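Hello,

Here is the structure I said I would pass on. My notes follow below it.

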Amino acid sequence: MTKPIVHVEDFSLTIGEKKIVKNLNFDVLPGEVFAFLGANGSGKTSTIRSLLGIYQQTTGELLVNGTPLTPESAAVVGYLPEERGLYTRSKVLDTMIYFGELKGMTRDDARDFSVAFLERVELADKANIKIKKLSGGQQQKIQLGVAIMGDPQLLILDEPTKGLDPVNRKLLLDIVDELQEKGTAVIYITHLMEEVERLADRLLILKDGVARAYGTVAEVKEEFTSTSIEDIFVQIYKEKSNVVGAEAAPSKKKTTKKEGK
Amino acid sequence: MSKLRSVIRHEYLTIVKQPSFWIVMIAIPAIIALIGVLTILGNKNSADRIQEISKDIKNVAIVDQSGLINKDVAAAAELKISPAEKINTLRDKVKSGEKEALIVYPSSLKKDRSYQLYLSSDDLTKMGAISTLADNLLKTSVFLPLGSPEVIAIAQGGATADMTFYKDGRETAGFNEYVVPGLFVVLFYIIFAFSIGYMLTSVSEEKENRSMEMVLTYVQPRTLILGKLLAVMLVTLTQVAFFGLLAILALVVAPHVGVTVALPFGIDLAKLVFDPIAITLGFAFLFTGFLMYAGFMTATAAIAPSAKEANSFSGVFFIGAFIPFYFIYMIATDPENKIVSFLTYFPLTSPVVSLIRNTVGNFNGLEGWIALAVMFAFMLVSIWVAVRAFKLGALEFSQTIKLSSLFKKS
């Protein structure tokens, strides 16, 4: 059996009086694209922040490569958050090198990677200009570059194509494909179900902090007797909240059963 | 350690690479120098012009009831002293413009030290010239009996005192003792004016531009804050070095261009005192005070959802740093005063008050070290609050963190 790169077990998160996530269990396997879906406020970002060690979970465990992630061990992760931005007053290359260093790369390696990436995304001529002078789409490419620096084993992309034109969207999805081929696991958060259909190997749909669907794309479609992930998503969100609860979350047994593609 | 180094380098270079950083650094001394030069030139020109005009004013009537005005002095200015009975006639002539002015030195001049001027117009230049003329006539007449010009100069301008101070039976350097510890007060305000705000900007901008979440994935909050603090300290050192070099350059260049740099309060660079205890305390107050304020600024930036709101909140700290100036005389001369004691230990005022008291040396016994210990405790609290606020507020992009939540167990 393939050892998961991400293992989340009995994870709950309460902030203040609010229960954000309830008894969540899932695994992410090396080399797969794992679609992590849910409406706004369903607990996706909080789960990711807890996985990264930014938030402290209330109960359960969130492991990457078998251990809780800390800033010291986070170099294996590339993260493109939903609330993303860059140092607008800094130059493109300086910013990328800085993030490379924070991810444990040497300055030279970070520079080499950044220069190559900027060439790839046709921004080489912008290397020495300030980020605030780039368009939104160009800034997003730089953010993606920062996320994939250092060949991460796990890439977390939170709505990566939001705001991108079709050309840049294709470029981003091609890069994700390449990384996947190299064995990188991708947690892909999106509201665009066609991207899920195109990219995802497995998925989890979160509603009110509770997992409502989990498994391979085919398994989920079979379970909900539907041919469209979008229809399944809508069906889940049309259900009354009080119908579902923590009990509806996939159990550890179920997770194991549906681990494979 | 390497992440800390990266944060320090990034934060430092982000600040010093901004053109605005250097523009402000260069503009401030340049503007001060320019204002100084313009003031000196302007005053000199005005004084010269008034002096010239006053020499040319001949159509002025003088009535002396005080008996202090010397006729020869008036005659030397080609003026004549008129009898007191003609006051009304002369005043009418001024009214009609026939005379430019009437100066009346009354019999009560010695007692009241005031005389009357009647002017034919409200021209400010003419007013200045005639005032100067009237004043010169009086002073020269009064001082004339003293004899030599040297004696008159002393009577007019006084003399400088060459002071010798003794303390505990030993000669001291007097005001020169205050200069070196006093530099720490100046340094504190330079840091405050230029650098403390960078902490606020650095954190609130990172929040506002949404780069915080990516950064916090790879760096511990305390490493990030420490890196920012150390970077701001480096920025401060850069500024101090720049201003120091500028001051040295001015002292070296000034004599070669014929400008005499007169240090105030009889400061003599050769007589400066380098008291190790005062310097140690000064440095400790400066360093601790800086970190305490930086901690509060970081917490403010982390708590507030935007740079604009963080700036509004930070006004409290600026007020705290400047309040001691309202009490500076009391702080320097009355250390036993309850208000001084309160300001010495109150966190927002303690750095400046302690630095001033260290400068004038009015800490009694161990009081300075106790003040330092208290300030150090506040510094630890401020950094704890900063880290806590940062953890709670760094990723809150739309709402202000409640103060009470800082002290809740997470």
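Predicted model: local features only at pLDDT ≥ 70, side-chain atom pairs only at ≥ 80, totals over all residues.

**Notes on the model**

In chain B, the face of helix α15(B) turned away from its buried side carries the exposed residues Lys338(B), Ile339(B) and Phe342(B). Helices are DSSP runs (H or I, at least four residues), and strands are DSSP runs too (E, at least two), numbered from the N terminus.

Residues are numbered from 1 along each chain as its sequence is written, and chains are lettered from A and ligands numbered from 1 in the order in which they are written.

Back to α15(B), which spans residues 338-345: Val340(B), Leu343(B) and Thr344(B) are buried there. Seen down the axis of α15(B), these buried residues fall within an arc of 105°, so they line one face of the helix. The arc is that of the directions from the helix axis to the C-beta atoms.

Next, the contact between the chains. It takes 22 residues from chain A and 19 residues from chain B; two residues are in contact if their C-beta atoms, placed from the backbone, lie within 7 Å. On the side of chain A that touches chain B, β5 (77-80) and α2 (92-102) each supply at least two residues. The largest share, four residues, comes from α2(A).

Regards

How values were computed
Buried ≥ 20, exposed ≤ 12 C-beta atoms within 10 Å, placed from the backbone.
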